[in-house]
Every structure is written in structure tokens, then in C-alpha cells.
Amino acid sequence: MQKVLLIQPPLEDFYTTSIRLYPLGLLYTAEVFQQMGLTVRVFDALSPLKKKALPLPKKFFYLAKYLGQPYFFKHYQRFGVSFARILEEIKNYEPDLIGLSSSFAAYFSTLEALIKEIKQQFRIPVIIGGNQATAAPMEIKKRVPEIDEVIAGQAERTLPLLAEEHPVLKGLLKNSPVKSLDGLDWRTLTPAHNLLPASDYQIGRKNYISLQASRGCPHLCSFCNIHLVFGRRPEYRKVKSVLEEMRWNYLYRQVRVFNFEDDNLAFNRDWFEEFLKTVSLAPEFRDIEITFMNGLSYENLDESLLRLMKKAGVRRLDLSWVSGDPVLRRRYQRPEGTEEEKFFELIKSARRLGFFLTVYLIIGLPGQTREEVVETTEKLLEAGVLVGPSVFYLTPGSELEKNLPLSAEIKNDWDFYRSTAFAVETDYLRRQDLIELFLYIRQRNLENRAKE
Ligand code: B12
Ligand code: SF4
């Protein structure tokens with residue numbers, strides 16, 4: 001049978017979030033290939049997570065003087081196994097096709113270097129998919145002609161279409177017993193969790209998985225590009241099917257933490273309520289924790305939902321407030337229903353119910369001032385939450401990326417499409433301001449926690 005090797009590539013940055021590196025997109029892709037009758041192996045270069053300090057790249061020299069300062073990063077690092085280890089895996093497995101995930105503009109340069117090495121040593125077709133592949137397929141093809149195909153969009157939709165017409169996929173499927181994948185629907189597909197060793201993915205000492213119950217978000221936030229992959233019409237799985245995925249992982253992989261990576265899970269309140277009620281009534285899920293680390297859109301949350309969340313095993317809440325300035329929230333098209341009073345009432349209820357809260361702010365939106373960031377931070381600290389500073393970064397294909405006047409140096413170099421580059425300066429917030437605000441928020445968080 002023909003074999004496919006799917007790879008989550010290494011990355012380079014000042015830090016990473018080790019508890020959220022679960023390669024969910026690749027596991028969905030793996031399941032699609034399995035449904036096509038192919039044998040699939042997933043190689044996660046980020047697990048178990050290896051780290052190595054690297055010399056600071058020249059383009060980030062402006063950050064050198066801050067490295068090692070209190071509350072700042074220590075060094076630039078490489079996360080993941082060596083290219084040599086990946087090449088060895090390819091040699092041993094002898095796949096007929098290699099697929100890599102390309103989720104991030106910021107990490108594309110590492111992926112590009114890896115693909116060039118693979119292509120130098122092997123004559124195996126290489127395809128890539130993911131958010132970055134979807135946002136800039138033409139540009140990627142131009143920059144890296146070695147790639148055989150850049151697959152845009154959701155694997156469940158695009159691969160079956162390409163299977164009928166693309167020479168590489170057609171060749172691969174010649175001897176497959178599966179004749180057609182008409183009607184393949186992500187909502188009834190379970191990602192191939194079984195292809196990963198369960199104990200490699202832990203939070204604390206507990207096995208975790210990431211999963212998705214919905215895709216798509218109807219909002220139009222100017223800094224966001226997820227509609228390119230998932231569209232603007234939210235689609236939900238059946239609650240029963242989500243619970244089956246959880247139950248299987250609970251029983252056979254001892255998973256106790258279930259992390260939802262949905263972009264707007266609470267958008268459909270009725271669905272969310274049914275889900276929470278069903279989980280809390282299932283006796284086998286008494287010792288689980290549910291997290292929404294990608295955040296919940298709070299405009300639909302209220303005290304009764306918070307209570308249900310508590311019962312279902314949610315202990316931490318990640319909410320995105322973006323900015324304390326209502327004019328900015330409107331300018332960047334944050335969802336309606338985000339009045340300050342309502343938001344702080346929600347925080348109060350959540351604190352009363354015992355949730356640990358992190359509220360995320362973007363620092364560096366055009367038009368935002370230093371005063372606003374400080375004032376909002378203090379207000380949030382006063383309300384007893386941890387403040388998550390997210391320095392503004394560009395996402396390819398978002399409204400802001402398309403329309404902001406940017407220097408060619410920043411716009412054309414995807415290495416700058418990351419928070420840690422402090423790359424986008426505005427009239428009110430120069431690089432120095434962005435860094436100072438970032439340090440200030442981190443320091444104030446610690447002071448506030450020490451007080452409690
Ligand atoms: C979880 C997550 C992370 C995790 C890492 C996940 C991982 N495995 O690597 C963490 C928290 C570490 C992370 C970090 C960052 N992230 Co992030 N992250 C996400 C998030 C919320 C969910 C990813 C996910 O699981 N999606 C669900 C799966 C099913 O979707 P998918 O991966 O797109 O896969 C589908 C298709 O793309 C396709 N597909 C995917 N892979 C492949 C491969 C092949 C071969 C094929 C054919 C198809 C295919 O089929 C899949 C099924 O339909 C996405 C937003 C989103 N909704 O996707 C942002 C997102 C990927 N992140 C983003 C960014 C920018 C970052 C940061 C670099 C931002 C920053 N702060 O600088 C940071 C880095 C911070 C740091 N140093 O840690 C951007 C990327 C935009 C871009 N093109 O550059 C996104 C899209 C969010 C956004 N719009 O801002 N992230
Ligand atoms: S609510 Fe979240 S997912 Fe939806 S458009 Fe805004 S940032 Fe993107």
C-alpha cells in the first residue's frame with residue numbers, strides 16, 4: 001500500500017507554548033489520507049520538545065539589548081529535532097508522499113530550508129497545507145518551486161477534489177481500493193489521534209489532546225485571517241460525535257485534559273449549552289478538565305453558562321478583550337455586545353465562581369496609545385485577572401495586513417510576522433514603546449500575583 005509521511009516541522013523563535021503544540025490539522029489530514037486507502041505516519045518534530053539556543057539572527061539585532069533583561073526573553077531558540085533526524089525518518093519509512101504543515105508565516109523560512117534539504121536527498125513528492133499555505137499559495141510556489149503542491153483550505157475539502165485531477169495524488173491512488181470520497185464531511189470525521197503516542201502530549205502530568213467542535217467565525221476582526229481556511233459560516237459537529245471522540249481518548253489514551261481550539265465555540269449558545277450539560281451529566285468525565293486555550297468569544301457568555309462550564313470541568317478562562325478603547329474595538333470590527341460594563345460584570349461572576357482568568361490585549365494596534373494600554377491593564381489587574389499581552393502581528397490575508405502602509409522590508413519578510421519581532425510601529429507606539437509596555441504588563445502581572 002502507498003505510504004504518506006506527514007510532518008509537523010521545527011520552528012525558531014524566542015519562545016513557544018509547549019502545551020499547545022498538538023498537531024491537530026495534520027491529524028485531520030492523516031485521517032483523510034487513511035480514508036483514501038493510504039497508510040499514514042505522523043512525525044511530530046516538536047514532540048517531545050527539544051530546545052537549542054541559537055545566535056540572534058541579524059534582522060532581529062535591534063532586540064539584542066533587551067535579551068536577558070528581567071521579564072524579557074533570554075535567547076533566540078530552535079524548537080524541534082534536527083533536520084538530520086527528519087531526513088533519517090524519511091529514509092527509514094520510505095514514503096511515497098511527504099506532507100508538511102505550514103501554519104505560520106513567521107516559521108516559513110525554517111520550513112523552506114527543510115523542504116530544500118528533503119528535495120536534495122529524495123525524489124519524493126512534497127506537499128504542504130495549513131493556514132499559511134492557504135493564505136499565500138502563489139507566493140509560496142514562487143519562493144519555493146521545489147514544493148510539488150501547495151494545498152489551500154481544509155484537507156477534508158481540498159484533498160478529495162485534487163485526488164481526481166492532480167498527477168501526484170492520482171498516481172498515488174491508482175491502486176487504492178477506495179474509488180471516491182464524495183461527501184466527506186469534517187464533522188463526521190475523527191482526527192487520527194491514534195497515530196501519536198498519547199504520553200508525549202501532557203499538561204502537568206495529564207495526557208491532553210486538542211480538538212475542534214466547530215469551524216468558522218462570522219465576525220470580521222480586521223487582524224484575523226482564519227476565514228481563509230474555515231470561512232465565515234460557523235459549522236458545528238453533533239454534540240454526540242464530540243463526546244465520542246472525547247470518550248475514546250479518555251478510555252484508550254488516558255486523556256484527561258481536552259483543549260478546544262475552535263475560533264468561536266460559544267457563538268451558538270444553544271449548542272454550547274447542550275455540550276456543557278451533556279459533559280457534566282456523563283459520569284465517566286468527572287475527573288476531566290476542559291480548556292479553550294484559543295479563547296472564548298465572551299459576547300455570548302453569561303453567568304448561567306459560566307455555571308454550566310464549571311460543572312463540565314472548565315477551570316480556566318481565556319478571553320480576548322483586545323483593547324479597552326471602544327472606538328478601537330469598533331474600528332477593528334470586534335463583535336457587537338462588547339460593552340465594558342458587561343465585560344467586567346462577566347469577569348466578576350467568573351471570579352466569584354472560582355475561575356482562573358486570563359484576558360488578552362493586543363498592544364500596537366494602529367491608533368492605540370500608551371495611556372490606553374496602561375489604563376486597561378490596571379483596570380484588568382484590579383479586577384483580579386492575569387493580563388496576556390499580545391504584541392500586534394500581521395497575519396497574511398487579513399484586512400490589516402492588506403491595507404496598512406508598511407515598509408517593504410516588513411511586508412515582504414514573513415520572519416517579521418510574529419509578536420516577538422515587535423515589528424509594526426505606529427504613530428503612537430514605536431518599537432521602544434511596544435517593548436516597554438510588554439515588559440510593564442509582565443512585571444505588573446507578577447506583582448499582582450505576589451500580592452494575592
Ligand atoms: C493552536 C495554535 C497555535 C499553537 C501551535 C499549534 C501547532 N500545532 O503548531 C501555539 C499556541 C503554539 C501557536 C502559536 C502562535 N501562533 Co497560532 N494558532 C493556533 C490556532 C488557534 C489553532 C490551530 C489548529 O489546531 N487549528 C485547527 C486545525 C484543524 O486547522 P489547521 O491547522 O488549519 O488544519 C486544516 C487545514 O489548514 C489543512 N491542513 C493543515 N495542515 C495540513 C497539511 C497538509 C499536508 C494538508 C494537505 C492540509 C493541511 O487541513 C486541516 C484540516 O482541515 C490557529 C488558528 C486556527 N483556527 O487555525 C492559530 C494560528 C495558526 N496561529 C497563528 C500565529 C501567527 C501564531 C504565532 C506565530 C503568533 C505570535 N504570537 O507571534 C504564535 C507563536 C507564539 C509562540 N512563540 O508560541 C496564525 C497563523 C497566521 C499565519 N499564516 O501566519 C493563526 C492562523 C491564528 C491567527 N490568524 O492569528 N498557535
Ligand atoms: S472573533 Fe476571533 S475568530 Fe472571529 S474574526 Fe474575530 S478574531 Fe477572528
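How do the residues of the shell around ligand 1 divide into nonpolar, polar and charged? Keep that in mind while going through these points; the model is a predicted one.

1. Start with the whole protein. You'll find 17 helices and 17 strands in it. Its radius of gyration is 22 Å, close to the 22 Å that the globule rule gives for 452 residues, so the protein is as compact as a globular protein of that length. Along the principal axes, the C-alpha atoms fill a box of roughly 65 × 55 × 40 Å.

2. Now the inside. Of the 452 residues, 38% count as buried. If you take the contacts with a separation of 6 or more, 78% of them join residues 24 or more positions apart.

3. On to ligand 1, and the opening question: its shell has 22 nonpolar, 20 polar and six charged residues. There are 48 residues around this ligand, and G25, G99, G129, Q154 and A155 come nearest.

4. Which elements build that shell? Helix 1 (24-35) gives the largest share, five residues. Others that supply at least two residues each include strand 6 (97-101), strand 7 (126-129), helix 4 (131-135) and helix 6 (155-165).

5. Domain 1 (3-179) and domain 2 (187-451) both give residues to its shell, so ligand 1 lies between them.

6. Finally, ligand 2. Around it you'll see C217, H219, C221, C224, I226, D263, N264, S297 and P335. Sorted by class, that shell has five nonpolar residues, three polar and one charged.

Technical notes: Residues numbered from 1 in each chain as written. Chains lettered and ligands numbered in written order. Predicted model: local features only at pLDDT ≥ 70, side-chain atom pairs only at ≥ 80, totals over all residues. Near = placed C-beta within 6 Å. Helix = DSSP H or I, 4+ residues; strand = E, 2+ residues; numbered from the N terminus. Nonpolar A, V, L, I, M, F, W, Y, C, P; charged D, E, K, R; others polar. Domains from an automatic or database assignment. Rg over C-alpha atoms; globule rule 2.2 N^0.38 Å. Buried ≥ 20, exposed ≤ 12 C-beta atoms within 10 Å, placed from the backbone. Contact = placed C-beta atoms within 7 Å.
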